[in-house]
Amino acid sequence: MKKAILYIAFMFWICASVYSQNINKAEYYYDNDPGYGNGINVPLSQSSDVDFNFTASASTLTNGIHQLYFRVRAGNVWSNTYSRIVAKAGSGTITKAEYYFDSDPGHGNGTAISIVSGKLVNINFTANTTGISDGIHQLYIRVKSAEGWSQTFSRLIAKAGTGTITKAEYYFDNDPGHGNGTVINFTPGSNIDLNFTANTSGISNGIHQLYVRVLGAGGWSQTFSRLVAKAGSGTITKAEYYFDNDPGHGNGTAISITQGSEVDLNFTANTAAISDGIHQLYIRVLSDGSWSQTFSRLVAKS
């Protein structure tokens, strides 16, 4: 039986007049940045104005939700990276998609996303933020196919009140002070998508806390944080957590990750088996056959 090859088609129009040079290269990739010039090449006719109508191959993607990235080069200067969300099903068809903010309402109870059913779908929508407070939130997205619900894709967004968000920044572990973090590029607005790749070149291998905040008319927002893990020259292949007592390497509760040299440890720990009160949560990752040091934090259950 022939193996089906899935594709998704996109159209872009890019103007490189700001560079005063022709666009000479275009590329795309999924999920993890391979570095400038190392993506999948998109054929083009060099010009200062280019209409891109190309088909991105999804044959190597695992089933579930992915981020597609696209960029061009004019002269020796690369553009900002454009991104969008796509979802791939296995043998079935994706029939439903939904999103929610911060807390999971349960499968099927999120806000519906309009899609064209298929094995590969483009999830292009505007989330309604009227029901969430000002500040930084986590947006979650998932799809349903014959195999059931996919894993949940998440990204950060920020909402301002009547004002405009004018600045965003991040830092690792220790606060350098407002305005002194690493700048996140975005288009100012009352609702913004914080879609960025944090530069980890200055942090050591292991687990770190990434912090993000934005500046609006009312001042700096509260700081949002999440765990990330960095490997050396190898790949992080496993992550796990446990409470209070170490069950031994490999015997903790598995954390679902996308394998890579840098991974986002975005998960909800299951507290059903622990008693009410304060507990210590431990997290570690496996890279090249070796477990990292253990990151810990206090949690409370009531």
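Modeller: Residues are numbered from 1 along each chain as its sequence is written. Since the model is predicted, local features need pLDDT of at least 70, side-chain atom pairs count only at pLDDT 80 or more, totals for chains, interfaces and linings use all residues, and side-chain values use heavy atoms, with hydrogens and water left out.

Colleague: Why is S11 called mostly covered?

Modeller: Buried means under 20% relative accessible area with a 1.4 Å probe, protein chains only. In S11, 10 of its 11 residues fall in that class.

Colleague: How do you know that S11 and S12 pair?

Modeller: Pairing takes at least two DSSP bridges between two strands. S11 and S12 (residues 148–149) have two, running antiparallel, so they pair. Lys144 sits opposite Trp149 there, and two residues lie between the strands of this hairpin.

Colleague: Which residues stand opposite Leu139?

Modeller: Phe101, and Arg155 in S13. S8 (residues 96–101) joins S11 by six antiparallel bridges, while S13 (residues 153–159) has seven, also antiparallel.

Colleague: What makes Asp134 a lining residue of the second largest pocket?

Modeller: Lining residues have an atom within 4 Å of a pocket point. Asp134 is one of 21 that qualify, and is listed among those nearest the centre, along with Gly135, Lys159, Val214 and Ser221. S11, S17 (206–216) and S18 (219–220) each give two or more residues to that lining.

Notes. 1 Å grid on protein atoms, 1.4 Å probe; cavity = no way out; pocket = protein on both sides within 12 Å on 5 of 7 lines; lining within 4 Å. Helix = DSSP H or I, 4+ residues; strand = E, 2+ residues; numbered from the N terminus. Buried < 20%, exposed > 50% of the residue type's maximum accessible area, 1.4 Å probe, protein only.
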